[in-house]
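Subject: Structure handover

Hello,

Here is the structure for you to look at.

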Protein chains: 4
Amino acid sequence: LRLLSKAEVIGSYPFKVATELRRRVRELGIRIGRMECGDRNSITDVPVVSVGQVSLVRGEGRLVPGKGPVRTGVTVILPHEGNVYKEKLRAGLHVHNGAGEFTGALQVMEWGIIETPIALTNTLNVGLVHDAIVEYMLEENAGIGDQDEVILPMVGECDDSYLNDIRGRHVRREHVFEAIRKASKEVAEGSTGSGTGMSALGFKAGIGTASRRLASSSGGDLGVLVMANFRGDLIVDGVPVGRNTQTEETERTSGRSIITVIATDAPLTSSQLRRIAARVPLALGKVGSASCNSSGDISIAFSTAERIDTAHVPITPAKEIVNSDALDEFFRATVEATEEAILNSIFTSDTMKGRDEHVSLGIPIDETLELMKKRGRI
Amino acid sequence: LRLLSKAEVIGSYPFKVATELRRRVRELGIRIGRMECGDRNSITDVPVVSVGQVSLVRGEGRLVPGKGPVRTGVTVILPHEGNVYKEKLRAGLHVHNGAGEFTGALQVMEWGIIETPIALTNTLNVGLVHDAIVEYMLEENAGIGDQDEVILPMVGECDDSYLNDIRGRHVRREHVFEAIRKASKEVAEGSTGSGTGMSALGFKAGIGTASRRLASSSGGDLGVLVMANFRGDLIVDGVPVGRNTQTEETERTSGRSIITVIATDAPLTSSQLRRIAARVPLALGKVGSASCNSSGDISIAFSTAERIDTAHVPITPAKEIVNSDALDEFFRATVEATEEAILNSIFTSDTMKGRDEHVSLGIPIDETLELMKKRGRI
Amino acid sequence: LRLLSKAEVIGSYPFKVATELRRRVRELGIRIGRMECGDRNSITDVPVVSVGQVSLVRGEGRLVPGKGPVRTGVTVILPHEGNVYKEKLRAGLHVHNGAGEFTGALQVMEWGIIETPIALTNTLNVGLVHDAIVEYMLEENAGIGDQDEVILPMVGECDDSYLNDIRGRHVRREHVFEAIRKASKEVAEGSTGSGTGMSALGFKAGIGTASRRLASSSGGDLGVLVMANFRGDLIVDGVPVGRNTQTEETERTSGRSIITVIATDAPLTSSQLRRIAARVPLALGKVGSASCNSSGDISIAFSTAERIDTAHVPITPAKEIVNSDALDEFFRATVEATEEAILNSIFTSDTMKGRDEHVSLGIPIDETLELMKKRGRI
Amino acid sequence: LRLLSKAEVIGSYPFKVATELRRRVRELGIRIGRMECGDRNSITDVPVVSVGQVSLVRGEGRLVPGKGPVRTGVTVILPHEGNVYKEKLRAGLHVHNGAGEFTGALQVMEWGIIETPIALTNTLNVGLVHDAIVEYMLEENAGIGDQDEVILPMVGECDDSYLNDIRGRHVRREHVFEAIRKASKEVAEGSTGSGTGMSALGFKAGIGTASRRLASSSGGDLGVLVMANFRGDLIVDGVPVGRNTQTEETERTSGRSIITVIATDAPLTSSQLRRIAARVPLALGKVGSASCNSSGDISIAFSTAERIDTAHVPITPAKEIVNSDALDEFFRATVEATEEAILNSIFTSDTMKGRDEHVSLGIPIDETLELMKKRGRI
């Protein structure tokens, strides 16, 4: 496994956003875990969930704060097709390492419900994206802040400053609105949306998704979407790829956080959804993370099974799976789908050059596959 | 308000356990809060809940570890009249200050269910009482540890070493079994059961209970039982009694913990029960606590509305109150009933002399009532 | 104690912001607790701490979202006089009820340090104020997001929509910068800064502050600043004022959150600062809160004793108070100063009329004092 | 890789406790991670730490509760060679999945110190072992419960009921005392001490240990000891051994918990030690766990760098590593050493037959090594 020199890498420029040449790990013959994946192998296998993304890629060369180069974006997860403020969903949130931001987290942990879309972006853009989600919610709901309750939007972040002019806060109101408008069942992966300028485990990364089909009596799917931007020695299905390829250069490349969004259509309580979100670290270990000091490792899980109107129906019957061993299937599905989603975020990402000639390497696919075959994993 | 001298106090000895002369604050004309209390103004207003206690009072004079003097006991709360291992209940637990023990707490926080009685005792007796509960559960359930799951009993503690030979661990298997056998709707208060040797807010205290009737559509009651053994300047319904009466002597007297058990027959989720348990500190502030460094301030709330069989019915419909403002009534009930239960634990406790001539003063009732009247609170 | 009719109240309009007629409770003869207060009885008794505020009051009549009426603002606490990004401070954070937002909370809980000013504002303005703090920090620190680490600003909120056009998000970048620029040792109280449109316990409230002098060997002060906007029946030093004065009207008036900021110059670890922040609920109970479902009850405590440079001095000697009973003084100081700060926020607030003729009553001071005297509390 | 039939397995009986034939994974050529291990590759590489164990193996055939067969024991970690009650250590605790017991956990989380040895045993023996530790501490410290503070012993547990007569609670006072007396630098692994009757990831397991040398300026070692008894598909250094060998029989075999004890002589705060303990789940994922519903996944980390006397020295200078990237080395060391300790617990365990002819298979070493070689991992 030969590492490209920086010269060669830069020579291969320009990169492509969400290239067709790159593929998801399952298409490459890598099979994570033993459960079946859903039809799309995506968070959007959960029927009502959709995802919209806007990628911002402009300029090259020296960093001029406020000008660029720009390598960033926004990814929005719409929990269902309706008005989530009026029809809230149950949710749980887990903070494995809190060196990151996920606005609205305290309320999710307290109430166990979500009532806005979930937006992902770069660290310094949290404020503007938060304000854009507020504006979107106000437009959709004339009663908010008048006769109805206010809202606390959910905005998660990772730091894309290695490639991006993060000081410029280039994600604006219109990009958030566009991402919401474009939300669909198709989820672009790799260097796209909020993941545009991000890197993980020594390689270019960004957005990834995967899912698992649930065999339990409740049926349904569990889907995962990650914004991957964290450090470690990449392990692909047990094979220590990173230990062979990583240099100090690639170490510096990586950001230090991962936000994980988990959706399921199975009927679960907020406490159970929190427990599911708490299984994400098991997958992080498997791909090579040691959850470094500066890493914001935050995960949220929500269920679309039941819609809740807190204002007008204070008492409601709930379908519920008791905290029994029936949950184990969900835990396994979470670990498997998260591991696969992270790998997808890497394998679908091309080499990218950003500000100040900083380069984040796309994983060398052929060499990696060769190594995987040698190790009997394909 | 004159404080008895130590000589006078000791002269008034022997004390009485759970004296008839002393009365609950409501009978004395002190009215806490604005909600109505239940029929018994007790945790046992929740229909299926019962409480059993054994008090151990033996010997006087110098401490001879293992011999006495003994001023301790055990209090057991039976969550319902049946087999709680087979018919589990939802529960939530809150640790306001963790300098105490409540075995089983981690499982209650994780699973949101309880499956054993709740036992209260002195700090160094936790092990033996834990083992006694295990033995009781094994006798009742031949399958535990064979084809069925094991159990993690719940045992809470406070330190009664100011009066009691705590090194002697005088609470034994037979006392725990006796407390369970004697469990009934009548809850003795003050220096009784596990509260026998305890003191709070500068005065002799121990076990106290109170309840509030719920007006919500779900109906029912919320009842509280405390084992009170914590420091502070006693405030009685807003009147700073302690600031006028407390001396260094009384300060030293008090232990430094409070365990609070909350029961309700309203249908609540484990997450909601945790939130209810988290309202206890509001009552602690009102009676004069600053939750000192060594205080184990731990509270647990459970609902008797639904019985759960995790082994055989993994999926069950649940009646549920959504996390809406409908909860506020429960929060208020918790604060009011906890405040009243603490005051009951003090007002029903006589002066007690324990090991090494240590004396814990019963609150001087006449003087306190006089002060309350002067302040327009009766 | 007669409640003004709505007509009379509106007749007494226009209100005054931070009126001179109103006074702090200590000046009125009300004495909370038994510890001495600092020289200013303010969070700014901690030597390097300063506070800046901008109040926005414009328009009357019908709510026209985006236009007004405006009754809001921003309050900024500067933890020390230098560059807090380069010289970070230890901190701890406690979430008593999480139905609110405090951005940056997860990082404070994980790392135990703060590295930006703390800004307080209304709920829907969190995003814009967050972005303004980012911009301020970027201007002060050219390295952020370039060769240095990014930041996660701390912005806390309460809902002022009863009086304010909260949908208009009237707090802008320039107001945040102005508040920072104006920061000083003088802390205006009542309807000022972020507290401009807020109400608590049935009366107009907003910003309040108080402090306690520490007698411990470490010396120093502990100061508290609150943004008070929560429900309950007002209790003033044990006297249930609210139960006599409150109506459904006043109940509706109040928001449902309180953010508490605690500063001290004593050398404490982040874990100890978290424990101090966790004493705030004890004070909330004392003033009449039951911590309602929708209340964001969040508190943060920081120490100015030691400045930390995480980038360049990874190992540092720390002066430290062990988790021993020496902490009890800090806990008591926190409860006392928080109670007094909340009362100050109410007693310094005049009646205010806001959007749609909504009126929040200033506490009737003469009648309240009369009641206090009758109850022997002055 | 051929799985032995049950007949063959039982034919290979009697098993050996802590056999010499079995070896630690490093001796077998399996190398976990990239850091160097300490001299002993053991928790006892931390200079003052020692471990004592007593294994109880008696009887065969049908379960007769109270009689046997007995396959259990107790493992005690002594944090330093002195009196840990008088010279306390800093510690942090993390609950990844709370379906287990670790008494004293709440106090460790609140105070960040430990003051007793750490004992590990089977689930139903927690009470008796707790009481034995109390007795040991009382014998060593005449002041406890008299003029000095009481204690809350730390006892962690896993369920060994698949092989052991857990209802018999065969671990008694004398076994705990013997384990303490025998404590030394030599740590037997596999089916020994509290791990005697335990199984993990489909194979016989029990106690395992490993360590990593710290390169940081602080120097020192970080050592890990596990009591491994949890479910999943065994992965050995990335190779999915379990997926090839596991049957329903082996699945049933495994208990469902893991207790992890981490020691280091580097100077860390309790908050940092908690963060280190929180890295354990990353290792659990790597060996194949999905942290099932009934799993008590609890970890504790302590530092021997500084001894604390809370009673008499309230203020002490502390050497401290700030929460900076200097911590990353500790996090990596924790993940690596935990993974290796778990594997050691499996590779050093022989097949064991317990109650009711229940058999837990020792991992077939030759076949596993062959598979590892085929996958290029040796």
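Below are the ground rules, then the findings by chain.

This is a predicted model: local features need pLDDT of at least 70, side-chain atom pairs count only at pLDDT 80 or more, and totals for chains, interfaces and linings use all residues. Residues are numbered from 1 along each chain as its sequence is written, chains are lettered from A and ligands numbered from 1 in written order, and side-chain values use heavy atoms, without hydrogens and water.

Chain A. Helix 7 covers residues 270-277. Helices and strands here are DSSP runs, numbered from the N terminus (helices H or I, at least four residues; strands E, at least two). Seven of the eight residues of helix 7 of chain A are buried, so the rest of the structure largely encloses this helix. Buried means under 20% relative accessible area, exposed over 50%, partly exposed in between (1.4 Å probe, protein chains only). Among the buried residues are A:Leu273, A:Arg275 and A:Ile276.

Chain B. Four strands make an open, mixed sheet in the order 1-2-5-6. Strands pair if DSSP finds at least two bridges between them. Strand 1 (50-58) and strand 6 (154-158) of chain B are the edges, each pairing on one side only. Neighbouring strands of this sheet are turned by 15° on average, direction ignored. Axes are lines fitted to C-alpha atoms, for helices over the stretch in contact, and angles run from 0 to 180 degrees between N-to-C directions. Strands 1 and 2 (70-78) of chain B pair antiparallel over nine bridges. B:Leu56 has B:Thr72 as its bridge partner in strand 2.

Chain C. Six strands form an open, mixed sheet in the order 4-3-12-11-10-9. Strand 4 (113-114) and strand 9 (207-213) of chain C stand at its edges, each with a single partner strand, so one side of each has no neighbour in the sheet. Strand 11 (257-264) and strand 12 (296-308) of chain C pair in the parallel sense over eight bridges. C:Thr260 is bridged to C:Ser299 of strand 12.

Chain D. Helix 8 (280-287) and helix 9 (328-347) of chain D pack at about 45°, axes 8 Å apart. That makes helix 8 of chain D oblique to helix 9 of chain D. For angles, under 35 degrees counts as roughly parallel, over 145 as roughly antiparallel, 65 to 115 as roughly perpendicular, and the rest as oblique. Contact means heavy atoms within 4.5 Å. Residues in this contact include D:Leu284 of helix 8 and D:Ile342 of helix 9 of chain D.

Best wishes
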